[in-house]
Amino acid sequence: MNQVTVTSKVTVTFFYLSVIISNMADVEFNYCPRCGTKVNYENLYGKVRPVCPQCKWIHFVDPKVAAAVLIEQDGRVLLVRRAGEPFRGLWTLPAGFINGGEDPAEAAARECLEETGLSVHINGILDIISGKEHPRGADFIIVYHAEVTGGQLHPDDDADAAEWFVRENLPPLAFRATQIVLSRSM
């Protein structure tokens, strides 16, 4: 077996392990995903965690983080209507999950473009809101203030509508984070 074959097998193995591990946030472990040794459960860093006595691996649950944008224009705010669950048919700020290694502000701009067709300039952080609302939800939402720089408004991705609303006549809102941001920034 040559070095290229070994390297690619190791790379593929580590890739699959990283996918498996990232999907096991709330799973109980009996065996170490790195070396296969039976794990012990130990009180470490303020919580009982699976720990491998052989390779010393410790399982930490990483938080899911999302980014959103608040865009205000001519006294109106831009909202998108959710096409899927949870909260299908309710309205929210353009938002979505931050990919591993992605800059949060760039994620917010990307999500806005994907859901509304609009390119935006991020002006700064407006708020950081914690608290998971549902099992697939984010633990933290970073909300940015942004302004439109281009594009044509049209819903896409996981939004089936994108519209501007005056604050006095907002539609039913999907997430607590959207409700908090819109109530705080009035």
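These legends describe close-up views of a predicted model.

**View 1. Pairing of strand S3 with its neighbours.**
Strand S3 covers residues 65–73. S3 pairs with S8 in the parallel sense, over seven bridges. One of the residues involved is Val69, whose bridge partner in S8 is Tyr144. S3 also runs antiparallel to strand S6 (residues 95–97), to which three bridges join it. Here Ala66 has Phe97 of S6 as its bridge partner.

**View 2. The hairpin of S3 and S4.**
Two bridges link S3 and S4, which pair in the antiparallel sense. Gln73 has Arg76 as its bridge partner in S4. The hairpin has two residues between the strands, and Asp74 takes a positive phi near 55°.

**View 3. The largest nonpolar core.**
The largest nonpolar core has 18 residues, of which Leu79, Leu93, Ile141 and Val143 touch the most other members. At least two residues of this core come from each of strand S3 (65–73), strand S4 (76–82), S8, strand S9 (159–166) and helix H3 (176–184). The element that gives the most is H3, with four residues. In soluble globular proteins, nonpolar side chains tend to be buried together.

**View 4. The surroundings of Leu79.**
Neighbours within four places in sequence are left aside in this view. Leu79 is then in contact with Trp91, Thr92 and Leu93, among others. Its contacts also include Ala161, Ala162, Glu163 and Phe165. Further contacts of Leu79 include Leu170, Pro171, Leu173 and Leu182. Apart from the core to which Leu79 belongs, a second, separate core has 17 residues, including Val69, Ile98, Ala107 and Cys112.

Ile125, Ile128 and Phe140 make a nonpolar surface patch of about 290 Å². Phe140 belongs to strand S8, which spans residues 140–151. Phe140 has a relative accessible area of 35%, so this residue counts as partly exposed. Patch members need over 30% relative accessible area, and the 35% of Phe140 is given above.

Lys132 is in the loop between strand S7 (118–130) and S8. The relative accessible area of Lys132 is 39%, which means that this residue is partly exposed. Not counting residues up to four places away in sequence, Lys132 touches Gly137, Ala138 and Asp139. Lys132 and Arg176 are 44 residues apart in sequence, and their C-alpha atoms are 9.6 Å apart in space.

Technical notes:
Residues numbered from 1 in each chain as written. Predicted model: local features only at pLDDT ≥ 70, side-chain atom pairs only at ≥ 80, totals over all residues. Heavy atoms only, no water. Patch = residues over 30% accessible without salt bridge, like charges linked within 9 Å, V, L, I, M, F, W, Y side chains within 5 Å. Areas by Shrake-Rupley, 256 points an atom, 1.4 Å probe, with all protein chains shown as cover. Salt bridge = Lys/Arg side-chain N within 4 Å of Asp/Glu carboxyl O. Buried < 20%, exposed > 50% of the residue type's maximum accessible area, 1.4 Å probe, protein only. Core = buried A, V, L, I, M, F, W, Y, C linked by side-chain atoms within 4.5 Å. Contact = heavy atoms within 4.5 Å. Pairing = 2+ DSSP bridges.
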